[in-house]
Amino acid sequence: MLKMLRDLVLEPSIVVGGIVFLGLVLQRKSLETTVKGTLKSVIGFMVIRIGGNIITESVEPFGRMFQYGFHVSGVILSVEGAAGIAVGRFGMEISVVMLLGMAVNLILARITRFRYVFVTGHQTLFMAGMIVVCMKGAGISGWIFYAIGALALGILMVFSPAILQKYTRQICKNDSVALGHFGGSAYFLAAWLGGIYGENSKSTEEMRLPKKLAFLRDSSVTVSITMIVMYVVVALVCGSEFVEQNLSEGKDYLVYAIVQGLTFAVGFTVVITGVRWFINEIVPAVKGIADNWIPNAKPAVDSPVVFPYAPNALIVGFISSFLGGLISLGIMIACNLTVILPGVVSHFFCGATAGVYGNSTGGRRGAILGGFLNGVLISFLPVIFLPHLGELANASVTFPDADMGFAGAFLGDWLNRIGSYGTLTILIGIVIIMILIPEMMDDMEENQDEWFSFDTDEILKESKMTNKK
């Protein structure tokens with residue numbers, strides 16, 4: 001029974017399906033609607049994962065070619081790889097922390113103004129893995145191990161989407177959905193800096209192309225061309241011998257590079273299709289839960305939710321992020337630091353998302369700056385928190401996403417400096433501050449000060465009432 005429960009918790013699609021099922025039941029939908037909505041949400045989520053797997057498989061040889069062609073070695077950015085090692089060693093602890101963290105998420109969404117239900121199951125698993133590894137590295141055990149893990153995970157699950165909501169609403173043109181991806185701090189900085197340095201910069205989506213190049217407005221075509229060029233360039237640097245003997249199984253190395261670029265585009269298209277299915281079912285389902293228990297709750301879903309709104313920005317962000325990773329790599333080698341190799345999957349999903357958020361406030365300039373900043377952050381943050389990862393400190397892969405980097409650095413530092421009880425006290429203090437935020441926000445609204453966005457209809461109504469007074 002315990003094994004079954006653990007496997008259910010570790011299966012994100014089942015968790016998502018359960019949330020949708022509960023929401024539809026609470027809305028007293030018909031059996032037909034409930035079954036259809038639950039299955040379509042699970043299928044949509046699995047389609048997203050399948051698309052992600054296609055992308056992951058297509059970029060793995062790119063990473064190998066890059067390392068061989070440019071003669072570098074070090075720690076690879078791969079959240080899937082790092083989490084896989086963590087689950088293999090601490091599977092039970094990770095599953096318990098994940099379950100408790102989800103419970104804390106729901107409680108915080110109920111009692112605070114952070115009304116976000118984090119439904120990106122695989123991201124929850126990855127963050128739970130990073131937190132557990134940090135605590136294991138600090139030698140924490142017993143009940144306090146799970147208390148710290150649950151609070152840290154639950155706080156991040158509501159805080160990450162909350163700081164982004166102002167910009168997510170601007171991108172998606174509605175306030176019914178939030179972003180549930182642990183690169184949120186990088187996306188926030190991308191949008192913030194875009195607003196500062198991107199004034200009067202046109203949106204990436206306003207690029208005027210000659211009629212003969214109008215086909216480039218199709219995102220799948222743009223992604224295909226971009227990735228084919230990148231694969232072919234790296235294959236040429238490696239040479240035919242390495243590619244044909246180690247990767248392509250004898251197939252011509254340039255043909256192999258073109259096929260891998262197209263495979264990446266297929267994965268991207270599959271992800272976009274899954275997003276549409278998934279969002280159509282998860283939003284009304286979470287509304288059912290919100291109406292009954294968490295007023296004005298929003299589902300925080302994976303980063304591809306913003307991709308359809310700015311396909312040009314995601315390409316700009318990806319390339320800029322990868323460039324940031326390459327420059328960071330050069331700095332690390334020159335300064336004799338731990339070398340963090342660019343992980344193409346991480347730079348695509350995180351860099352592309354940062355590009356979309358940067359574009360939302362700063363146009364093309366914001367997309368470039370946001371993507372580049374993300375590339376630098378996910379390259380240097382691992383250097384800071386690697387010493388806190390204990391058994392995984394010497395692994396060949398590590399956690400890349402910005403929130404994981406910041407959380408790992410702070411959590412590891414707190415545990416080593418002030419111990420487990422001191423860290424637990426800080427986390428409890430953060431929860432108390434989150435509960436008290438309504439009064440703090442009311443004071444700031446009266447003074448017309450801008451703060452993080454936790455916009456809901458209820459808050460807007462309260463703001464209008466305050467202004468009338």
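Leu 329 turns out to be buried, with a relative accessible area of 7%, in a model that is predicted. This leucine belongs to helix α11. Along the chain, Leu 329 and Val 376 are 47 residues apart, yet their C-alpha atoms are separated by 9.2 Å.

The protein has 469 residues, and 55% of them count as buried. Its secondary structure comes to 14 helices and six strands.

The ring-pair count comes to eleven aromatic pairs. One of these is made by Phe 118 and Phe 182, whose rings are stacked, at 4.7 Å centre to centre and with 15° between the planes. The planes fall under the 30 degrees needed for a pair to count as stacked. Phe 118 lies in strand β2 (residues 116–118), while Phe 182 lies in the loop between β3 (178–179) and α7 (184–197), so this pair ties together parts that are 64 residues apart in sequence. Both of these phenylalanines, Phe 118 and Phe 182, are buried.

Phe 318 and Phe 348 make an aromatic pair of the edge-to-face kind, with 5.4 Å from centre to centre and 80° between the planes. Here Phe 318 comes from helix α11 (residues 311–334) and Phe 348 from helix α12 (residues 344–385), so the pair ties together parts that are 30 residues apart in sequence. Phe 318 is buried, its relative accessible area being 0%. Phe 348 is buried as well, with a relative accessible area of 1%.

In the case of Phe 145, the charged end of Lys 136 sits over the ring, 5.4 Å from its centre.

Helix α12 has a further partner in helix α6 (residues 143–172). The two helices α6 and α12 pack at an angle of about 80°, and their axes are 10 Å apart. By that angle, α6 and α12 are therefore roughly perpendicular to each other. On the α6 side, the contact is made by Leu 164, Tyr 167, Thr 168, Gln 170 and Ile 171, and on the α12 side by Val 356, Tyr 357, Ser 360 and Thr 361.

Cysteines are a different story. A disulfide is a covalent bond between the sulfur atoms of two cysteines. Searching the whole structure turns up zero disulfides. As for individual cysteines, Cys 335 is partly exposed, with a relative accessible area of 47%. Cys 350, at 2% relative accessibility, counts as buried.

The backbone has some points to note too. Most residues other than glycine have a negative phi. Lys 173 has a phi near 65°, a positive value in a residue other than glycine. This lysine is found in the loop between α6 and β3. Lys 173 is exposed, with a relative accessible area of 69%. Glu 249 is not a glycine either, but has a positive phi of about 55°. Its place is the loop between α9 (240–246) and α10 (253–292). At 78% relative accessibility, Glu 249 counts as exposed.

Finally, Val 87 gives another look at how parts of the chain come together. This valine lies in helix α4 (residues 79–111) and is partly exposed, with a relative accessible area of 28%. Leaving aside residues up to four places away in sequence, Val 87 touches Ile 94 and Leu 125. In sequence, Val 87 and Gly 129 are 42 residues apart, and in space they are 6.8 Å apart, C-alpha to C-alpha.

Definitions and conventions:
Residues numbered from 1 in each chain as written. Predicted model: local features only at pLDDT ≥ 70, side-chain atom pairs only at ≥ 80, totals over all residues. Heavy atoms only, no water. Phe/Tyr/Trp six-rings, centres within 6.5 Å; stacked < 30°, edge-to-face > 60°. Helix = DSSP H or I, 4+ residues; strand = E, 2+ residues; numbered from the N terminus. Buried < 20%, exposed > 50% of the residue type's maximum accessible area, 1.4 Å probe, protein only. Lys NZ or Arg CZ within 6 Å of the ring centre and 35° of its normal. Disulfide = S-S within 2.5 Å. Axes fitted to C-alpha atoms, helices over the stretch in contact; angles between N-to-C directions. Parallel < 35°, antiparallel > 145°, perpendicular 65-115°, else oblique. Contact = heavy atoms within 4.5 Å.
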